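Good morning, everyone. One structure today, and I will keep this brief. Please have a look at the model.

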Amino acid sequence: MDKEQTQRYALMSIHPKYASKILDGSKTIEFRKRPISEEVENVIVYMTSPVKKVVGEFSVEKQVVMSPSELWDKYGVFGGISHKEFLAYYGCAKQAVGILIKGVTSFEVHRPLTSYGEGIKPPQSFQYLKSI
């Protein structure tokens with residue numbers, strides 16, 4: 001299979017406070033509990049309530065998987081989140097994922113999910129899109 005056939009996009013739900021920081025460049029890592037597929041090169045940013053729109057996208061530089069404490073020590077300053085919020089998010093998790101962000105595009109006009117296909121619902125965390 002060639003790259004065009006295997007590339008997938010991730011549609012990711014992100015709270016407005018964090019999505020805004022990604023779009024303005026002050027947040028350069030997205031913390032997650034599980035990794036996205038290695039085939040994903042671009043993440044479509046769906047800003048959750050009250051906006052409920054696709055507001056931009058970013059390219060994935062790489063993903064790192066380590067313990068929450070290691071992830072915080074190495075990347076916390078780039079996460080746009082307080083240490084208290086970080087700890088609350090991961091709880092007792094043994095593994096944490098960081099998606100390093102590059103090449104952010106902010107959409108001038110926010111898009112409804114339906115612009116990516118019929119029946120697409122806001123993902124709990126993320127979902128894959130075959131094409132955009």
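I will go from the overall fold to the aromatic rings and then to one loop.

First, a caveat: this is a predicted model. Keep that in mind throughout.

Let's start with the fold. The chain has four helices and six strands. What pattern does the chain follow along the sequence? It reads α-β-α-β-β-β-α-α-β-β.

Now the dimensions. Along its principal axes, the C-alpha trace spans about 40 × 40 × 25 Å. The radius of gyration is 15 Å. A compact globule of 132 residues would come out near 14 Å, so the chain agrees with that expectation.

Next, the packing. Of the 132 residues, 45% are buried. Take the contacts with a sequence separation of 6 or more: 77% of them come from residues 24 or more positions apart.

Now the aromatics. The count comes to five aromatic pairs.

Y128 has 31% relative accessibility, so Y128 counts as partly exposed.

There is also an aromatic cluster. Which residues form the cluster? They are F31, W72, F86, Y89 and Y90.

Last stop: the loop between β3 and β4. β3 covers 40–47, and β4 covers 53–66. P50 lies in that loop. The peptide bond joining S49 and P50 is cis, with omega about 15°. K52 is found in the loop between β3 and β4 too. K52 is not a glycine, yet its phi is positive, about 55°.

Why point these out? Most residues other than glycine have a negative phi, and most peptide bonds are trans. The loop between β3 and β4 holds K52, with its positive phi, and P50, with its cis bond to S49.

That's the tour. Over to you for questions.

Methods: Residues are numbered from 1 along each chain as its sequence is written. This is a predicted model: local features need pLDDT of at least 70, side-chain atom pairs count only at pLDDT 80 or more; totals for chains, interfaces and linings use all residues. Side-chain values use heavy atoms; hydrogens and water are left out. Helices (H or I, at least four residues) and strands (E, at least two) are DSSP runs, numbered from the N terminus. The radius of gyration is taken over C-alpha atoms; the globule rule is 2.2 Å times the number of residues to the power 0.38. Buried means under 20% relative accessible area, exposed over 50%, partly exposed in between (1.4 Å probe, protein chains only). Contact means heavy atoms within 4.5 Å. Rings of Phe, Tyr and Trp (its six-membered ring) pair if their centres lie within 6.5 Å; planes under 30 degrees apart count as stacked, over 60 as edge-to-face and the rest as tilted.
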